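Please look over the sequence and the coordinates before reading on.

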Amino acid sequence: MLALTLPYPGIDPVAFSVGPFDVRWYGLAYAAGLIIGWLTVRALVSTPRLWGPGGPPFPVDRADDLVFWVFLGGVIGGRLGQVLLYEAGYFAAHPLEILQVWKGGMSFHGGFIGAMIALALFSRKHGGDIRTSMDL
C-alpha cells in the first residue's frame, strides 16, 4: 500500500525574508493574482470592440479601484472565513488576534465570498452591471 502513496513535499512556506518580515509563498500568489487580474481588467475595459454600443461597465481608471475593493474583500472575507469556520473557539477566547493577519490563517471560500461581495458593492456604487463586473 505504501508504494501507491505519493510523498508530500516538505516545502517551506517562507519564500524569503526581508529583515524581520517573512514573505510567504501564498502571499506571492495573492500578489501575482491581483496584478494579473488588474492588468487583465484594464486591458478588457480599454478594448471598445468588446463592449458594443453601451460601452464597458466602468471607465479604465476605475479598474484600479475595482482591484483595491476586491483585494480588501478577499482579505477581510478570507480572514473572517478562517476565524468563523475553523478556529471560532480560539478566536472567541483571543479576539484581538483576529486582526493579526501576519500570523496567517485565511480561508479560500471566505476570501472568494468577500471578493464577490466587494465586487457587487463596487458595481452598485459606480453604476455598473454586477454580472458584467463579475465576468471581468
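The paragraphs below take these topics in turn.

This is a predicted model, so confidence comes before geometry. The mean pLDDT of the protein chain is 89, and 98% of its residues reach 70 or more. Among the elements of the chain, the lowest mean pLDDT, 86, belongs to helix H5 (residues 130–135), while H4 has the highest, 93. Where pLDDT is low, the predicted coordinates should not be read in detail.

Next come the aromatic rings. A pair of such rings is described by the distance of the centres and the angle of the planes. With ring centres required to lie within 6.5 Å, the count comes to four aromatic pairs. One of them joins tyrosine 90 and phenylalanine 91: the centres are 5.3 Å apart and the planes stand at 80 degrees, an edge-to-face arrangement. An angle over 60 degrees is what places a pair in that class.

Phenylalanine 108 and phenylalanine 112 make a stacked pair, with 6.2 Å centre to centre and 20 degrees between the planes. Why are phenylalanine 108 and phenylalanine 112 separated by about one helical turn? Both sit in helix H4 (residues 108–126), and they are four residues apart there, which means a separation of about one helical turn. Phenylalanine 108 counts as exposed at 68% relative accessibility, and phenylalanine 112 as partly exposed at 47%. Elsewhere, Phe58, Trp69 and Phe122 form one aromatic cluster.

The surface can be read through another group of side chains. Phe68, Phe71, Leu72, Ile76, Leu80, Leu84, Leu85 and Tyr86 form a nonpolar patch there, and together they have about 820 Å² of accessible area. Phenylalanine 71, one member of this patch, lies in helix H2 (residues 62–85). Its relative accessibility is 36%, so phenylalanine 71 counts as partly exposed; the patch rule asks for over 30%.

Helix H2 also holds glycine 73. Is glycine 73 buried or exposed? At 10% relative accessibility, glycine 73 is buried, because the cut-off for that label is under 20%. Leaving aside residues up to four places away in sequence, glycine 73 touches Gly78, Gly111, Gly114, Ala115 and Ala118. For one of these contacts, alanine 115, the C-alpha atoms of the two residues are separated by 4.4 Å, although glycine 73 and alanine 115 are 42 residues apart along the chain.

Methods: Residues numbered from 1 in each chain as written. Heavy atoms only, no water. Phe/Tyr/Trp six-rings, centres within 6.5 Å; stacked < 30°, edge-to-face > 60°. Helix = DSSP H or I, 4+ residues; strand = E, 2+ residues; numbered from the N terminus. Buried < 20%, exposed > 50% of the residue type's maximum accessible area, 1.4 Å probe, protein only. Patch = residues over 30% accessible without salt bridge, like charges linked within 9 Å, V, L, I, M, F, W, Y side chains within 5 Å. Areas by Shrake-Rupley, 256 points an atom, 1.4 Å probe, with all protein chains shown as cover. Salt bridge = Lys/Arg side-chain N within 4 Å of Asp/Glu carboxyl O. pLDDT = per-residue confidence, 0-100. Contact = heavy atoms within 4.5 Å.
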